[in-house]
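Open the model in your viewer and keep the selection panel handy. We will go from one stop to the next.

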Amino acid sequence: MTSLNTDPNIPDPDGFYNELIEAHEGLSDEESAALNARLILVLANQVGNRDVLRQAIAAAKSPSAT
């Protein structure tokens, strides 16, 4: 079983955050939510491991994840 990696793992996290925010510019709340949903599904497909995805869901639901 593979474990969820919660250690910092993105080179230039601030740059990634800016790209993510820019992707939402000019979108309505509904369009922004749809973009987030599509992005989640694309990334979940990239991960591809159901156990890791379950761990990610649990981590995201945890108050300490924010």
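Helices here are DSSP runs of H or I with at least four residues, strands are runs of E with at least two, and both are numbered from the N terminus. The expected span of a helix is 1.5 Å times one less than its number of residues. This is a predicted model, in which local features need pLDDT of at least 70, side-chain atom pairs count only at pLDDT 80 or more, and totals for chains, interfaces and linings use all residues. Residues are numbered from 1 along each chain as its sequence is written, and side-chain values use heavy atoms, with hydrogens and water left out.

Next, select residues 29–47, helix H2. Its 19 residues reach 27 Å from first C-alpha to last, close to the 27 Å expected. Step on to Gly-48, which follows H2 and has a positive phi, near 70°.

Of its 25 lining residues, select Leu-4, Ile-10, Leu-43, Val-47 and Ala-56, which lie nearest the centre. Helices H1 (13–24), H2 and H3 (50–61) each give two or more residues to this lining. Which helix gives the most? H2 does, with 7 residues.

Terms used
1 Å grid on protein atoms, 1.4 Å probe; cavity = no way out; pocket = protein on both sides within 12 Å on 5 of 7 lines; lining within 4 Å.
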